[in-house]
Amino acid sequence: MKLITRMLMPIGLGLLLGACASSDVSHQVSTSVAPYSDYALFTPVADIPDTTAIHTLDERQRTEFLSYFHDPQRADLSRHRRVADFITSFGEVFTFYDDTLTATNTFAQQRGNCLSLAILTTALAELVDVEVQFQQVESIPVYSLEGATALKQQHVRSFIYTPTTRANVGSLILRPAGVTIDYFPSGDEVFVGNISRNQYLAMFYRNLAAEALVEQENERSFALLQQSLLLAPEHPDGLNMMGVLHRRVGDSLRAEKIYLHAIAGNPDNVSLLKNYQLLLAAQARKQEAEQLGRQLLALEDPSPVNWLAAGNAAFDQGDYRQARALYKRASSLAPYMHDGYFGQARSSYMLGEIDQAERMLSRAREYATDDQRQRLYERKLSALTSH
């Protein structure tokens, strides 16, 4: 695993709008909707890191970095270049790790996910007066399933630069030269937009809350979600997880109120609508659930990950026809992903449509990205065709 840093020269910037831009277009909400505040009573948790602790390095780590930074042999390099070179000096030792870590732990363990890398970069940059921008990018989506919980991993990278006086040239604003720090960029990434510091910090707490949900640590998850929503009060992902958490602990009334509040500001959010539909189905509110299912299929969400997660949820509930429709939407958006085809295959099998199951399983095998997965699909296909 190699860390990649890329030098960027000054460029003119126009107005950037995207799914996670600093203007918060990722979750535009009605200004008439007040922040939600009616939560269940959870036991307080004391060990939630505050925002300062996220970027704290210990004395040994600060000394090691500053010794490298102030080495006379690097005096001719810009400050941001020296920060980037220090991170790159970890080389092959620095590896991708799925958990979100603080700066101290990322430095000590020399591993972490993309947000951990951004946190370490920020901690180092703040020691030496280097500016950091947080950028959201879209690439081939990454997701994982932990039991019944689907985890979507948003990709964040850092852009660091040495502060300069910004010059206006006509209508253009010149951005200073800097370095983008990222894991192994493929070249297929699409810059979505800058995210604010509060949005970046809220993402840290949401990631930890998702990990706590997987581990059934409900009180800890609630405390982390509370912190994330203090920083980003109307973020749909934070509200969505709050709804899931309340339903898990049996407070379906509040879960529904949270979903309705979040959907009022985010009517096209696939994850919110699907989780609310699951709550309705669990309460045997069949007509409402079916109506919401039709509304869900009419959405135009461009993320295949959301459709895959919704398909998995429908499949787990035994709604195989809707599950297949949702998997099909994922495959139409990301035909290179095997998961959507496999979802269609197993849904078709459960519906008794064996020929269709075989076709989709063959397609899944074709697009599988590793030998183990290909062999798995091959075995399933052999078993299917032998009947």
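Predicted model: local features only at pLDDT ≥ 70, side-chain atom pairs only at ≥ 80, totals over all residues.
**The whole protein**

Let's start with the big picture. The secondary structure comes to 16 helices and 10 strands. Of the 387 residues in the protein, 46% are buried. If you look at contacts with a separation of 6 or more, 65% of them join residues 24 or more positions apart. The accessible surface comes to about 18,900 Å², and carbon and sulfur atoms account for 51% of that surface.

Two packed helices are described by the angle between their axes and the distance between the axes. Here is how that looks for α14 and its two partners.

| Helix pair | Axes come within | Crossing angle |
|---|---|---|
| α14 (residues 338-350) and α15 (residues 354-367) | 8 Å | roughly 160° |
| α12 (residues 304-316) and α14 | 11 Å | roughly 20° |

Take α14 and α15 to begin with. Their axes cross at roughly 160°, and because angles over 145 degrees count that way, α14 is roughly antiparallel to α15. The crossing of α14 past α15 is left-handed. On the α14 side, the contact uses H338, Y341, F342, Q344, A345, S348 and Y349. From α15 come I354, Q356, A357, M360, L361, R363, A364 and Y367. Sorted by class, that contact between α14 and α15 has 10 nonpolar, 4 polar and 1 charged residues.

Now for α12 and α14. These axes cross at roughly 20°, so α12 runs roughly parallel to α14, given that the cut-off for this is under 35 degrees. Again the crossing is left-handed, with α12 passing α14. L308, N312 and F315 of α12 meet D339, G340, R346, S347 and M350 of α14. By class, the contact of α12 with α14 has 3 nonpolar, 3 polar and 2 charged residues.

Most residues other than glycine have a negative phi.

Q110 isn't a glycine, yet its phi is positive, at about 50°. You'll find Q110 in the loop between α4 (103-109) and β4 (111-112).

D129 also has a positive phi, near 60°, and is a residue other than glycine. Its place is in the loop between α5 (114-127) and β5 (131-146). Is D129 buried, exposed or partly exposed? With a relative accessibility of 48%, D129 counts as partly exposed, because exposed means over 50%.

Key:
Residues numbered from 1 in each chain as written. Heavy atoms only, no water. Axes fitted to C-alpha atoms, helices over the stretch in contact; angles between N-to-C directions. Helix = DSSP H or I, 4+ residues; strand = E, 2+ residues; numbered from the N terminus. Parallel < 35°, antiparallel > 145°, perpendicular 65-115°, else oblique. Left-handed = near helix turned anticlockwise from the far one by under 90°. Contact = heavy atoms within 4.5 Å. Nonpolar A, V, L, I, M, F, W, Y, C, P; charged D, E, K, R; others polar. Buried < 20%, exposed > 50% of the residue type's maximum accessible area, 1.4 Å probe, protein only. Areas by Shrake-Rupley, 256 points an atom, 1.4 Å probe, with all protein chains shown as cover.
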